[in-house]
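Please look at the sequence and the fold below before reading on.

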Amino acid sequence: MFGKLVYGKFSLKETFWKFGVLCIFALALISRIFKALLLHKIGGATIGFYYAHKFSFLNMDNAILFYTIAYFVFAAVLILYSIMVLFGIWRSAAEYDKSIWIRRIAKLMILVVIYCGLKFGL
């Protein structure tokens with residue numbers, strides 16, 4: 001399925017709305033939730049500061065470790081998935097022959113969606 005997505009084998013409508021907008025915002029939301037839970041748990045300090053100055057293996061909080069791993073995993077998945085969707089929509093739009101304007105708008109909008117997803121998700 002991911003191969004079909006990357007090579008633009010789905011329709012432009014399906015690729016843009018289902019795989020692009022819906023999935024990117026869902027992944028960004030999940031990433032944002034884990035980040036909020038992590039920041040709440042570490043008392044508002046930055047993640048780097050917490051692990052550089054306050055983290056101790058002897059008094060390790062498992063919830064903080066879980067939230068950190070979950071946040072970074074979902075952030076990495078969001079970035080990789082966004083790249084795949086970008087290629088998929090770009091190629092699907094190139095094959096779309098009904099309107100040149102829809103092709104260009106789809107390419108522009110997916111760049112906006114990816115920017116917003118990465119900005120608000122990370």
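Which helix supplies the largest share of the lining of the largest pocket? That share, four residues, comes from helix 2, where helices (H or I, at least four residues) are DSSP runs numbered from the N terminus. This is a predicted model, in which local features need pLDDT of at least 70 and side-chain atom pairs count only at pLDDT 80 or more, whereas totals for chains, interfaces and linings use all residues. Residues are numbered from 1 along each chain as its sequence is written, and side-chain values use heavy atoms, with hydrogens and water left out.

A pocket is an open set of points on a 1 Å grid over the protein atoms alone, where a 1.4 Å probe fits, with protein on both sides within 12 Å along at least five of seven lines; lining residues have an atom within 4 Å of a point.

| Feature of the largest pocket | Value |
|---|---|
| Lining residues | Leu12, Lys13, Phe16, Trp17, Tyr96, Ile102, Ile105 and Ala106 |
| Helices each supplying at least two lining residues | helix 2 (12–41) and helix 5 (100–121) |

The largest nonpolar core has 18 residues, and Ile24, Tyr81, Val85 and Ile110 have the most contacts inside it; such a core joins buried Ala, Val, Leu, Ile, Met, Phe, Trp, Tyr and Cys residues through side-chain atoms within 4.5 Å, buried meaning under 20% relative accessible area with a 1.4 Å probe and protein chains only. Helix 2, helix 4 (62–95) and helix 5 each supply at least two residues of this core, and its largest share, seven residues, comes from helix 2.

Technical notes. Buried means under 20% relative accessible area, exposed over 50%, partly exposed in between (1.4 Å probe, protein chains only).
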